[in-house]
Amino acid sequence: MYCGYCVGLGGLQGARGFVNPCSSLRLEALAAERGGKAVFTDVSVNVEARTLLRVLGPNGAGKTTLLRILAGLGAPSAGSVQWRAPDDSERSPNEAAMFAGHANAMNEALTVAENLSYAAALAGIDCTPMNLRRALTQLGVEKLINRRFGSLSQGQRKRASLARLLLRAQAGERAWLLDEPFVALDTDTQAQLAALIGEELAAGAIVVLTSHQAVAINAPKMQELML
Amino acid sequence: MSLRAATGAVFRREMQLFARRKSDWANPIVFFLIVCSLFPFAVGSESEKLKLIGIGVIFVGALLASMLSLPRLFEEDARDGSLELMLASSEPLAVLILARITALSLGLGAALTVATPVFALFYALPFDVAGMLALSVALAVPTLLLIGAIAAALLVSARGGAILTAVLVLPLTIPTLIFGAGAALRVLNGQSPVAELALQGAFLLLALALCPLAAAAALKISTD
């Protein structure tokens, strides 16, 4: 079904100003500080398209800090982050990646649809109602589309907020930066999310993941980064 | 195109929230009502005395009422994580913040502007003075929200931010207060309020140009 969309939307690429998938992520001698203390230093890694990068390390090792820097939400104290398109031009983190952190980033007074279209607009994604419905269907929460976010259960909230990652016009268009995405999900949903991550990777995306849970993900290429 | 979509989304969301949560505008109005109705009890019912203090009381009441909605500007978004969507966006943060304040000013400003002439009746103010006061409030509320956005952005992750916001913002609103109340006072004395209104407008324009940039910088500092 997923690949069906890739093929189906292929013809629209030119018309919609489709952006090529990100082909590489490069960290050079990256260091970060929090409250004046070094969290990690000298992190260098090259990540190609279709690669799952697992960020490992104990609590407080700076996994979230690293992801926030990759998403352009924080500045490194030294070193550089480069997201590159296949034509080797540099891209801003916001164009290249989507970040899903611990918080859901959804307002409780608004409906799921309102929240998601707001997120899409700020991420520079042209979110059609079809994309929205498809994203929610993939996570099995299409019935919640017009429900107020505040009226959902924790698990439903997590699923609805993960739908943000699937709003892009085409699979693999954006890298995913996932901070503990499996927390608060039941086993079925964990497997479902793992499958979605696998599909995104297969479509050409980079996925950076921190997780304490050992969920099996079918990745074409896998790299590990120990902080 | 993408900037238009992003600012449109920010504006629309603020309006949706305003419509969805009645307390957002009902609380400031009720607060405004209480402040305005307490003074006549304390001062007594002589209409000459009331007329004299009425303009000042109503104007200060409106300023304090709009202060109430300042913490809402970023704090809630910081808690639920949606502030990060705005921070991570490739669109200029200052423009997004401006869209947000514009929506809030339209909603809250309209509510306070409509309430002002009604409350002016408590103070036996003539209609032309009440009308001028409403106009002054309409100009002052956006100015205050723009200035307040800087403080709200700086204190987004600070505990007890509401009081600190008031301490930081209220001194900066003194010029607006002087010329806003001054315009209505002129009308009360049968003079032309044009100079005061023009100055108030100038403050609004200055705030429009500078405050979103300052708020964006403050927000980046306080969330990094």
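At what angle do helix α3 (residues 47-67) of chain B and helix α7 (residues 127-154) of chain B pack, and how far apart are their axes? The angle is about 35°, and the axes are 9 Å apart. Axes here are lines fitted to C-alpha atoms, for helices over the stretch in contact, and angles run from 0 to 180 degrees between N-to-C directions. Helices (H or I, at least four residues) and strands (E, at least two) are DSSP runs, numbered from the N terminus.

Ground rules next. This is a predicted model: local features need pLDDT of at least 70, side-chain atom pairs count only at pLDDT 80 or more, and totals for chains, interfaces and linings use all residues. Residues are numbered from 1 along each chain as its sequence is written, and chains are lettered from A and ligands numbered from 1 in the order in which they are written.

Back to the chain B pair. The crossing of α3(B) and α7(B) is right-handed; that is, the near helix is turned clockwise from the far one by less than a right angle, anticlockwise being left-handed. On the α3(B) side, the contact includes B:Ile55, B:Ile58 and B:Phe59. On the α7(B) side, B:Leu133, B:Val137 and B:Leu144 are among them. Contact means C-beta atoms, placed from the backbone, within 7 Å. By class, we get 12 nonpolar, three polar and no charged residues. Ala, Val, Leu, Ile, Met, Phe, Trp, Tyr, Cys and Pro count as nonpolar, Asp, Glu, Lys and Arg as charged, and the others, Gly among them, as polar.

Now across the chains. Helix α4 (residues 112-122) of chain A meets helix α1 (residues 2-20) of chain B. Their axes come within 8 Å and cross at roughly 150°. That makes α4(A) roughly antiparallel to α1(B) (under 35 degrees is roughly parallel, over 145 roughly antiparallel, 65 to 115 roughly perpendicular, the rest oblique). This crossing is left-handed. From α4(A) come A:Glu114, A:Ser117, A:Tyr118, A:Ala121 and A:Leu122. From α1(B) come B:Ala5, B:Ala6, B:Ala9, B:Arg13 and B:Gln16. The residues divide into six nonpolar, two polar and two charged.

On to the sheets of chain A. Two strands pair if DSSP finds at least two bridges between them. One open sheet has four strands, in the order β2-β1-β4-β5, with antiparallel pairing. β2 (37-48) and β5 (90-91) each have a single partner strand, so one side of each is left without a neighbour in the sheet. Six bridges join β1 (residues 24-34) to β4 (residues 78-84). A:Ser24 has A:Arg84 as its bridge partner in β4(A). Helix α2 (residues 63-70) of chain A lies across β1, β2 and β4, at about 125° to β1(A).

The other open sheet has five strands, β6-β7-β8-β3-β9, and the pairing is parallel. Its edge strands are β6 (97-100) and β9. The twist averages 15° from one strand to the next. β3 (residues 51-56) pairs with β9 (residues 221-226) over six bridges. There, A:Leu56 partners A:Met226. Four bridges join β3(A) to β8 (residues 207-210), where A:Leu53 partners A:Val208.

Last, confidence. pLDDT is the predictor's confidence in each residue, from 0 to 100. Chain A averages 83, and 90% of the residues score at least 70. In chain A, α4(A) is highest at 92, and helix α1 (residues 2-10) is lowest at a mean of 38. Over residues 1-18 of chain A the pLDDT is below 50. Beyond near neighbours in sequence, that stretch has 13 contacts in the model.

Notes: Contact = placed C-beta atoms within 7 Å.
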